[in-house]
Amino acid sequence: MKIEVEENLPQMDTKLDFYSASRLTGDATSEDLETIKRHTSVYVYETPVRLWHWINALAILTLCVTGYLIGSPPPTMEIGEAAEQFVFGYIRFAHFAAAMVMTVGFFGRIYWSFVGNHHSKQMFRLPIFNRHWWSEVFFELRWYAFLEKEPKKYVGHNPLAQIAMFFFMTVGLSFMIVTGFTLYAEGLGSDHWLSTLTAPVMNLVGNSQVMHSLHHLGMWAIVVFVIIHIYAAIREDVMSRQSMVSTMISGHRTFKDDRPE
Ligand code: HEM
Ligand code: HEM
């Protein structure tokens, strides 16, 4: 029986390897053992960053679906007597509830960039005066365009991802929060403190219709980001030299090879 097991493991170098390896991982080869003896993972995304990432992703998904429906309302549905149905009210309620979650989460994420590790600051500042950083931005552009054969290793975000996160999330979410709360203030009445606070934004933009259009356009920018982001996360998980999706789940970045460059 034991011989059968060994025969079914062609990757085992010797009998000895099988027994020493099996103590750790069952079917590990001696090569695997050598690899796991080294520290091949770095703790990058701390728990608050990961929690924020997934809560923010869910909130944004809700905001895009409900926001789209607010902009292009479904035809009137006869679910019950007019006084008994509240479909559009629920759509708006879901939008506002997700908006509050997203806003509180965003402020929490800003706070974490001050107290968290140095990777947590990446999304909020671009080292634009660093020439090496720019050379890596162009390298990443070529890598994403399939013009480079081998990718570089990154512990945190690669410079191109960092640019995308800065413009679409740090700037983009701030824009959505400012325009969204200015629209929300309209519903609260002109004597509400939020209307007083957001009046300069409304005056700058001109009127409510333009504000709606800008807020709506912001959604499409975020949708473009989300599509590219998910494509890049999965593509890099497969093609890069490091872990990707699981890093945003466990926080640990593992590397597929141990070459320093
Ligand atoms: C990722 C974030 C967000 C997205 C994608 C989003 C999307 C949208 C869209 C597409 C509309 C319809 C605009 C139109 O065509 O008239 C809308 C309306 C609105 N959004 Fe947002 N939004 C976001 C964040 C927020 C935030 C943070 C608030 C703040 C409370 C907010 C409050 C509103 C309000 C008050 C309206 C108008 C509702 C109405 O006219 O019935 N949104 N949103
Ligand atoms: C609405 C959907 C999503 C939004 C808005 C979003 C946004 C973000 C943001 C802002 C970051 C930077 C995190 C930080 O530095 O704090 C990030 C990182 C990341 N996201 Fe998402 N995300 C979304 C969905 C997803 C999904 C579905 C996946 C998995 C397939 C994913 C995988 C990742 C990964 C792997 C990273 C880390 C990338 C790296 O290490 O450079 N995201 N995302």
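Helices here are DSSP runs of at least four residues, numbered from the N terminus. The model is predicted.

Start with the whole protein chain. It has 10 helices and two strands. Read along the sequence, these elements follow the pattern α-α-α-β-α-α-α-α-α-α-α-β. The protein chain has 261 residues, and buried residues make up 15% of them. Now take the contacts with a separation of 6 or more. Residues 24 or more positions apart account for 59% of these contacts in the protein chain.

Next, turn to ligand 2. It is surrounded by 21 residues. The closest are Ala57, His157, Met169, Ala233 and Met248. Which helices each supply at least two residues of this shell? They are H4 (47-71), H7 (159-188), H9 (208-239) and H10 (247-250). H4 gives the largest share of the shell, with six residues. What classes of residue make up the shell around ligand 2? By class, 15 are nonpolar and six are polar.

On the H6 side, the contact is made by Trp133, Glu136, Val137, Glu140, Leu141 and Tyr144. On the H7 side, Pro159, Leu160 and Ile163 make the contact. By class, the contact of H6 with H7 has seven nonpolar and two charged residues, but no polar ones.

Technical notes. Residues numbered from 1 in each chain as written. Chains lettered and ligands numbered in written order. Predicted model: local features only at pLDDT ≥ 70, side-chain atom pairs only at ≥ 80, totals over all residues. Near = placed C-beta within 6 Å. Nonpolar A, V, L, I, M, F, W, Y, C, P; charged D, E, K, R; others polar. Contact = placed C-beta atoms within 7 Å. Buried ≥ 20, exposed ≤ 12 C-beta atoms within 10 Å, placed from the backbone.
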